[in-house]
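Good morning, and thank you for coming.

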Amino acid sequence: MTNAARHSGAASVVLDLRADGDRGVLLRVEDDGEGLGGAPEGAGIRGMRERALLVGGALDLRTGPGGGTRLDLRVPTVHASLAGADRPVEERP
């Protein structure tokens, strides 16, 4: 959102967060701004990619279908039984 506000010149930004089948969640951010324009990837985008990798996710950044920029962040979810949710929670004093 910060990148769209600071750099894109967009009139609108759309956020969409949804389940991505059994693979996890998908966050999509699309704006109607100037787009990437072949600009080299800067530290801000590299930082977003690194943070996505830390949680096992993937970041895809490209020109949107109608221009502007589209960012897709896919993050896997862990099935509750694999995460230990099937075990009782210990009471703490």
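Let me begin with a term: two residues are in contact when heavy atoms of theirs lie within 4.5 Å. Among the contacts in this protein chain between residues at least 6 apart in sequence, 41% join residues at least 24 apart. Please bear in mind throughout that this is a predicted model.

First, the overall layout. The chain has 2 helices and 4 strands, and from the N terminus on these elements follow the order α-β-β-α-β-β. Of the 93 residues in the chain, 23% are buried. The exposed surface comes to about 7,000 Å², and carbon and sulfur atoms supply 54% of that area.

Which residues make up the largest nonpolar core? There are 6 residues in all: Val 29, Ile 45, Ala 52, Leu 59, Leu 61 and Leu 71. Two elements give two or more residues to this core, namely α2, residues 43–54, and β3, residues 58–63.

Setting aside residues up to four places away in sequence, Val 29 touches Met 1, Val 13, Val 14, Leu 15, Thr 69, Arg 70 and Leu 71. Leu 71 is itself a member of the core. Met 1, Val 13 and Leu 15, by contrast, belong to a nonpolar patch on the surface, with about 280 Å² of accessible area together.

Met 1 sits in the segment before α1. Met 1 counts as exposed because its relative accessible area is 54%, and the cut-off for that class is over 50%. Beyond its neighbours within four places in sequence, Met 1 is in contact with Val 13, Leu 15 and Val 29. Met 1 and Leu 15 are 14 residues apart in sequence, and their C-alpha atoms are 9.0 Å apart in space.

Is Leu 15 buried or exposed? Its relative accessibility is 52%, so Leu 15 counts as exposed. Leu 15 lies in strand β1, residues 13–19, and stands opposite Val 29 in β2.

That brings us to the pairing of these strands. β1 and β2, the latter covering residues 25–31, pair in the antiparallel sense over 7 bridges. Their hairpin has 5 residues between the strands, and Gly 21 there takes a positive phi near 60°.

Asp 16 is also found in β1. In a regular strand, side chains alternate between the two faces of the sheet. With a relative accessible area of 23%, Asp 16 is partly exposed. Leaving out residues up to four places away in sequence, Asp 16 touches Leu 26, Leu 27 and Arg 28. The C-alpha atoms of Asp 16 and Arg 28 are separated by 5.1 Å, although these residues are 12 apart along the chain.

Ser 12 is found in the loop between α1, residues 2–8, and β1. At a relative accessible area of 36%, Ser 12 is partly exposed. Apart from neighbours within four places in sequence, Ser 12 is in contact with Glu 30, Asp 31 and Asp 32. Ser 12 and Gly 68 are 56 residues apart in sequence and 10.0 Å apart from C-alpha to C-alpha.

Finally, the charged pairs. Side chains of opposite charge can pair when their charged atoms come close. How many salt bridges are there? The count is 6. One of them joins Arg 18 to Asp 16, with the closest N and O atoms 2.5 Å apart. Arg 18 is partly exposed, at 47% relative accessibility.

Another salt bridge links Asp 60 and Arg 62, where the closest N and O atoms are 2.4 Å apart. Both residues are partly exposed: Asp 60 has 27% relative accessibility, and Arg 62 has 38%.

A further salt bridge is formed by Arg 70 and Asp 72, whose closest N and O atoms are 3.8 Å apart. Where the two previous pairs were partly exposed, Arg 70 and Asp 72 are both buried.

With that, I am glad to take your questions.

Technical notes
Residues numbered from 1 in each chain as written. Predicted model: local features only at pLDDT ≥ 70, side-chain atom pairs only at ≥ 80, totals over all residues. Heavy atoms only, no water. Core = buried A, V, L, I, M, F, W, Y, C linked by side-chain atoms within 4.5 Å. Buried < 20%, exposed > 50% of the residue type's maximum accessible area, 1.4 Å probe, protein only. Areas by Shrake-Rupley, 256 points an atom, 1.4 Å probe, with all protein chains shown as cover. Patch = residues over 30% accessible without salt bridge, like charges linked within 9 Å, V, L, I, M, F, W, Y side chains within 5 Å. Salt bridge = Lys/Arg side-chain N within 4 Å of Asp/Glu carboxyl O. Pairing = 2+ DSSP bridges.
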